[in-house]
Amino acid sequence: MVEQRLFHEAVDLLPQQKSYNEILFPIVLTPNPKIPKLTEAIKANRAWLNSLLHQSGAILFGGFSVSSASDFNDVLESSGYEDFSYGVGGAASRTKVMGRVVYTANEAPPHQNIPFHHEMTHSPVFPSKLFFFCEVEPGKGGETCIALSHVIYERMEQKHPKFVKEMEEKGFIYTRVLGDESDHSSPVGRSWKDVFMTDDKNQRAAKLGMKLEWMEGAVKVIIGPKPGFRYDEVKKHKIWFNGVVGRFEDKLNNDPANAVVFSDGKPLPADVSDDCAKIFDEECVALQWRTGDVLLLDNLAVVHSRRPLITLPRRVMASFCK
């Protein structure tokens, strides 16, 4: 088959690679030496790659000749996916680099941990696929960790069945505080002007399903109720799709304990977030970036995080697809 000539599926390059029901997570693809160009391989095998992504949730392309933002942009174009502009509703500080919507990954200080999350779960519209590209591999630390959300759901249901039942019945309300100006020292430091991308903040917030409470120099944003899970109609399982663990370092919020509550205002049990974080750590695969790596994620199936960077440098770019 064509894909067998253009790709080699590697099973020994990623020590932490997991297997669920005999399907590898993530799938690791390396080039056939005769055709090292990733764009050509992707164009010739789009349907096959979509099938792999549906099965696994994550594909890591390693060893290809991808060395710059321009090369990464060419990879995005070759995928055939429609781009998703990281605009209204996105909380992370990013800079657009070039082309088809190539952005920097979250620009929070490298020493900070970025908790597990799906991209833009608080927004009514969010990307279905994510691309990441490593232009400069980390000196030490800075791993991107990924985990399958349905596995997290199953384990949380076993560990906290009452909580999961209440979550399904009620959903969550999230509270964030956005400043007048962006704060690049926070993983969720975009200002309200950047998040809403307009000066008519009340109208934009209403369209996003948010309520605003104005404060001096900032605004409290109340989001929800939002469901804590989603159901995959194709695979027939539930997906952990919430921010219970992803309580980012929101410097302006003086009530972080209530950043996530049930829709009736009831606080979450104290042990749930810690137990969920432990499960994430047990189930995740920590990707140690190598220069030129390209990672493709199903944003509905897979959560991702960033571990603190111990030794500079590190430069990872991102892009989002509908």
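# Exercises on sheets, helices and buried residues

Strand β11 (residues 144-148) and strand β20 (residues 302-306) are joined by five bridges and run antiparallel. The structure is a predicted model, in which local features need pLDDT of at least 70 and side-chain atom pairs count only at pLDDT 80 or more, while totals for chains, interfaces and linings use all residues. Residues are numbered from 1 along each chain as its sequence is written, and side-chain values use heavy atoms, with hydrogens and water left out.

**Exercise 1.** State in which order the strands of the four-stranded open sheet stand, and which strands lie at its edges.

*Solution.* Step 1: strands (E, at least two residues) and helices (H or I, at least four residues) are DSSP runs, numbered from the N terminus. Two strands pair if DSSP finds at least two bridges between them. Step 2: the order is β8-β20-β11-β18, with antiparallel pairing. Step 3: β8 (114-117) and β18 (285-287) are the edge strands, each pairing on one side only. Step 4: from one strand to the next, the twist averages 20 degrees; axes are lines fitted to C-alpha atoms, for helices over the stretch in contact, and angles run from 0 to 180 degrees between N-to-C directions. Step 5: within this sheet, C145 has S305 in β20 as its bridge partner. Helix α5 packs on the sheet, where it touches β11 and β20, and its direction makes about 65 degrees with that of β11.

**Exercise 2.** Classify the packing of helices α5 and α9 by angle and by handedness.

*Solution.* Step 1: α5 (residues 149-159) and α9 (residues 270-283) pack at an angle of about 135 degrees, and their axes are 10 Å apart. Step 2: this makes α5 oblique to α9, since angles under 35 degrees count as roughly parallel, over 145 as roughly antiparallel, 65 to 115 as roughly perpendicular and the rest as oblique. Step 3: α5 and α9 cross in the right-handed sense; a crossing is left-handed if the near helix is turned anticlockwise from the far one by less than a right angle, and right-handed if clockwise. Step 4: the contact (heavy atoms within 4.5 Å) is made by V151, I152, R155, M156 and K159 of α5 together with V272, D275, C276, I279, F280, E282 and E283 of α9.

**Exercise 3.** Describe the eight-stranded sheet and the helices that lie across it.

*Solution.* Step 1: this open sheet has mixed pairing and the order β1-β4-β5-β19-β9-β22-β7-β6. Step 2: β1 (7-10) and β6 (96-98) each have a single partner strand, so one side of each is left without a neighbour in the sheet. Step 3: β9 and β22 are antiparallel and share seven bridges, with V136 opposite R315 in β22. Strand β7 (residues 102-104) is joined to β22 (residues 315-321) by two bridges, also in the antiparallel sense. Step 4: six of the seven residues of β22 are buried, so this strand is largely enclosed by the rest of the structure. Step 5: helix α3 (residues 46-56) lies across β1, β4, β5, β9 and β19, at about 125 degrees to β5. Helix α4 (residues 69-79) lies across β6, β7, β9, β19 and β22, at about 155 degrees to β9.

**Exercise 4.** Decide whether F131 is buried or exposed, and list what F131 touches.

*Solution.* Step 1: F131 is found in strand β9. Step 2: F131 has a relative accessible area of 1% and is therefore buried. Step 3: leaving aside residues up to four places away in sequence, F131 touches several residues, including F72, L76, V294, L296, M317 and A318. Step 4: F131 and L76 are 55 residues apart along the chain, yet 8.0 Å separates their C-alpha atoms. F72 and L76 are among the buried residues of α4.

Technical notes. Buried < 20%, exposed > 50% of the residue type's maximum accessible area, 1.4 Å probe, protein only.
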